[in-house]
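Trainee: Please put the model up. I would like to go through it in questions and answers.

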Amino acid sequence: MMNKNFISRVLVIIYLAISLVYARFSPNRVGTTVANFLELGYDPKGIAMGDAYVSIANSLSSIYWNPGGLSFMNKKEAFFSYQPWIVNTNTFFCAAGIPVKNVGTFAISLFGIDYGEMEVTTVELQDGTGETFSPRDLAFTFSYGHLISSWFGFGATIKYINSSIYHCSASAVSADFGVIIQTKFFSPTSDGKYGMKIGMCLSNYGSRMRYRGLDLLRSLDIAPDEAGNYKDVQVEFKTDSWELPLIFRIGFSLNPIASTNQLLTLALDAIHPNNNSESVNVGVKYLIRLPGIADFIFRAGYRGLFMEDSVFGPTFGFGILIHVNRGVSLRFDYAFRSIGVLGNSNAIGFSFLIN
């Protein structure tokens, strides 16, 4: 067992590392990162709570919100979510994870966004060439979470990220690191089981992305005014490289009401990205439990408080966890969120859980 002094040192190291990472960033650099699909949110449970989920995550969706939450998983789980996004684009998330006793939780996932089919146009053929292409962004992840003590969980995720547009593509490798601390502070029960939880996560720390491909190859006469063998020299246009959307989340959650049949959870997250202003997310969850039958969950929240020119707003949703038989459960979750002038978005998720 790790002692508290060791855990304190770990927290200090994490804090210093995060401070050094962000020391080189200006406070607001809107539109200066690539692969922004990594910021969208893919789990209806967290979306419905206004993305205030960094301290609450304890299931397979922790891969996205905070890999430290994987350390608190106690069931095998398979998860899939789908979210129609703006202008006929769609996002998806599929994952599977298994906890191994005294070792930790291992999980893999694939998530991304499909931008739909588009027509190929040129300056000469602005109505289209008759060709189509389907751009997409994908991320494949491998995650691990370990419960260092009964109250301290750590997790990490390695991501391979790929973006493709017609005959060009870009890729990068990044990592997420997260912790969740379960305290006994403000617990409504005598055993401290439902005390305040603190979560921290650094997401998408990795390499830069640069597009390469056939669309950047051209034949060029590098010296059109000179005689000689310069005609049709093959050249490649070199694009800029771009940073990933680096995000630091820190938050806490409380349970003012906790009993056998009901649980009320309040959550608040502070967000520090490298491509926008800081913001705050808030959320609430109310659970009603029918022991041995089902759990009914109602969620609401608000994303993007204090963000400059925010397009986000209120969120809400619900979920149901059905106990099919001993050790086997099915879960369905739904979320709605407002994204300002861009309209509204809905997300659904399905989970299969087994002891």
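Trainee: Over the face of which ring does K197 lie?
Mentor: First, the ground rules: this is a predicted model, where local features need pLDDT of at least 70, side-chain atom pairs count only at pLDDT 80 or more, and totals for chains, interfaces and linings use all residues. Residues are numbered from 1 along each chain as its sequence is written, and side-chain values use heavy atoms, with hydrogens and water left out. A charge sits over a ring if NZ of Lys or CZ of Arg is within 6 Å of the ring centre and within 35 degrees of the ring normal. K197 lies 5.6 Å from the ring centre, over the face of F72.

Trainee: How far is the charged end of R303 from the centre of the F312 ring?
Mentor: This is another charge over a ring. The charged end of R303 sits over F312, and its distance from the ring centre is 3.8 Å.

Trainee: Which residue meets R303 in a salt bridge?
Mentor: A salt bridge is a side-chain nitrogen of Lys or Arg within 4 Å of a carboxyl oxygen of Asp or Glu. Here the N to O distance is 3.3 Å, and the partner of R303 is D51.

Trainee: Is D51 buried or exposed?
Mentor: Buried means under 20% relative accessible area, exposed over 50%, and partly exposed in between (1.4 Å probe, protein chains only). D51 has a relative accessible area of 6%, so D51 is buried.

Trainee: Which residues join R299 in one salt-bridge network?
Mentor: R299 is in strand β16 and D333 in strand β18, 34 residues apart. Both R299 and D333 are buried. Through shared partners, R299 is joined into one network with E77, R331 and D333.

Trainee: Why is strand β18 described as largely enclosed, and how many of its residues are buried?
Mentor: Strand β18 covers residues 328–338. It is largely enclosed by the rest of the structure because the buried residues number 9 of the 11.

Trainee: Over how many bridges does β18 pair with β19?
Mentor: Two strands pair if DSSP finds at least two bridges between them. With strand β17 (residues 314–325), β18 pairs in the antiparallel sense over 10 bridges. With β19 (residues 344–354), the sense is also antiparallel, and the count is 11 bridges.

Trainee: Which residue in β19 stands opposite F332?
Mentor: F332 is in β18, with I320 standing opposite. In β19, the residue opposite F332 is F350.

Trainee: How many aromatic pairs are there?
Mentor: Rings of Phe, Tyr and Trp (its six-membered ring) pair if their centres lie within 6.5 Å; planes under 30 degrees apart count as stacked, over 60 as edge-to-face and the rest as tilted. By this rule the count is 17.

Trainee: What kind of pair do F106 and F142 make?
Mentor: Their ring centres are 6.4 Å apart. Their planes are at 35 degrees, so the pair is tilted.

Key
Helices (H or I, at least four residues) and strands (E, at least two) are DSSP runs, numbered from the N terminus.
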